Amino acid sequence: MYINVQNLTKHFKIKVRDKGLVNAIKAFVKPKYRTIKAVDNISFGIEKGEILGFIGPNGAGKSTTIKMLCGIMQPDSGTCVVGNINPFKNRKEYVANIGVVFGQKSQLWWDIPVIESFELLKAIYKIPEEKYEKTKQQLITKLNLQDLLDVPVRQLSLGQRMRCELAAALLHDPDILFLDEPTIGLDAVSKVQLREFIKELNKEKKTTIILTTHDMTDIEELASRVVVIGKGKLLYDGSLNKIKSKFQSTKKLEIIFKNLKAAPKIESKIIEKDNKKVLIEVDTKKESISSIIEKYSRVCQIEDVNIHENNIDNIILEMYKEYEL
Amino acid sequence: MKGYISYFKTVLLSGLQYKTAAIAGICTQFFWGFLQIFIYQAFYAGTGQNTPMDFEKLVTYIWLQQALLTLVFVRIRDESIAKSIKNGTVAYELVRPYNLYIWWFIKCIAGRLAAVTLRSGVLVAVTLFLPAPYNLSLPISFGAFIMFLLNLFLGALIVTAIMVIIHSIAFFTYDDKGIATVIYNFAEILSGTSLPLPLLPTIVQNICLIFPFWLIGDFPFRIYSGDIPVTDGLKYLGLQIFWVVALIFIGAKILKYAMKKVYIQGG
């Protein structure tokens, strides 16, 4: 395993107080604290070149886990080893080899043109001139940055800025890229562009990518494997398809037909029907779609068949429900 | 090293963009300078001969203080550091392969240098040619001037080291404003900002000497005007170096400790 996380735990003490003036004064004199297990005994591993999607509701502990993986925060207990390095203990050595994009924060210097931020990063990461020029040119072409380079960061739109952020995180050609909600707030076109770019990067440079997001299309498009975190605990670790098949047992089947002689006998529930089509909710564990189609084909002439799958957002909702998040 | 130098240049250059702020600052500083000089003139007129500091030296002190305000005042903070801790952007600083202490140090000192570069030239150029006794005098000797520059440089290091300590506190208290204000108010008196040290009662002066604040501005200004002889300058130069080393050591320790306990705010 390239990245190995064992029993990672992080607690936070947060100040709490009840409403009202009296309680405010009480809290001032003697503050009350509540301990929150932000990350609770999580273990998983990531192979080199893998894209791992992190999902979970807000406050689940995704970002905290990412921050510990980045070497920013020290775990209370448990270990995290990335290619034989302990991210927190050897922070300087470790972070030279990772790239990070926090979707809600900016790493570019606000007042200066984008290109100057790039130059500064070149100096920070001690990137050799030749390599820098090459990587920079590639990123400019792929992310379409030509017209943005001389603009101060504060004057960029969110989509433009995010493209620049991604370039900034990749100038030093890191082995691992952390993307914490990279598509947050972006429009559809920017999202598609960003995903395409990330896919290509992973394919060409074999960059290991760790992605957190609330946009399930991001996960569907990018991650072959997902880790679901809720209330600080690891709930699921495996392929996306497995979750899908587990939570996607019901599908909607629409059959459009001509000359129906008599409705066949099926176990699944018919939601809608008229003399041209029928809509059936199929529980694929009880009855297969093909058997229903076969039954219909015997009694009528089928013109078209549509299968509606439960979309990924609903699957995740069901999953959260099952785990009571 | 190259990274630190580049960053120094970047902060310095972007600091030089704020021309309007500099013009406003220059106007305020002229106003304050004259106001103080007139008040002291009124006081001096009433006290006769026995003053702790010559009027010309006092005027020179005031103009130097106004010209170099953005370099030597403790009260001038870098808002962006406190803000980055408050909103969690500091996370980005922690994923870079540099020493955060040095980084912040450079940020603070480059910001101060940019501000003082924009302001001091005009103030010095104008006040040098004001009619006596309202003018900035030339340094007492060439040796004193060299010593003044050296002391001023070390003073800038002292004030920057203090600022980094104040900013590091934000990691513990979420907002460093409260604790910073307390330090500022003490510093105001102890640094000679509210009254030049020689004008303070002896007992207060002795207290001031315990702390590093007077070594930031008060001491170099008095070397410049000859209020403190150059020979004594050497002795205090040693003290300045001691404080620079001590404050950097303390600041680096605090920040290192803070980074272990750090909680990054926000999602």
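**A helix pair in chain B**

Mentor: Helix H2 (residues 19-47) of chain B packs against helix H3 (residues 55-67) of chain B at an angle of about 160°, and their axes lie 9 Å apart. This is a predicted model, in which local features need pLDDT of at least 70 and side-chain atom pairs count only at pLDDT 80 or more, while totals for chains, interfaces and linings use all residues. Residues are numbered from 1 along each chain as its sequence is written, and chains are lettered from A and ligands numbered from 1 in the order in which they are written.

Helices (H or I, at least four residues) are DSSP runs numbered from the N terminus. Axes are lines fitted to C-alpha atoms, for helices over the stretch in contact, and angles run from 0 to 180 degrees between N-to-C directions. H2(B) and H3(B) are therefore roughly antiparallel to each other, a term for angles over 145 degrees. H2(B) passes H3(B) in a right-handed crossing, that is, with the near helix turned clockwise from the far one by less than a right angle.

Residues are in contact if their C-beta atoms, placed from the backbone, lie within 7 Å. On H2(B), the contact is made by B:Gln29, B:Trp32, B:Gly33, B:Gln36, B:Ile37, B:Tyr40 and B:Tyr44. H3(B) contributes B:Phe55, B:Leu58, B:Val59, B:Ile62, B:Trp63 and B:Gln66. By class, this contact has nine nonpolar, four polar and no charged residues; Ala, Val, Leu, Ile, Met, Phe, Trp, Tyr, Cys and Pro count as nonpolar, Asp, Glu, Lys and Arg as charged, and the others, Gly among them, as polar.

H3(B) also takes part in the surroundings of another helix, H11 (residues 218-225) of chain B: the buried residues of H11(B) pack against H3, H8 and helix H12 (230-261) of chain B. Eight of the eight residues of H11(B) are buried, so this helix is largely enclosed by the rest of the structure. A residue is buried if 20 or more other C-beta atoms lie within 10 Å of its own. The buried residues of H11(B) include B:Asp218 and B:Arg222 as well as B:Phe219 and B:Ile223. After H11(B) comes B:Gly226, whose phi is positive, near 90°.

As for the other chain, 22 residues of chain B are in contact with 26 residues of chain A. H1(B) gives the most to the side of chain B that touches chain A, with six residues.

Note on methods
Contact = placed C-beta atoms within 7 Å. Helix = DSSP H or I, 4+ residues; strand = E, 2+ residues; numbered from the N terminus. Parallel < 35°, antiparallel > 145°, perpendicular 65-115°, else oblique. Buried ≥ 20, exposed ≤ 12 C-beta atoms within 10 Å, placed from the backbone.
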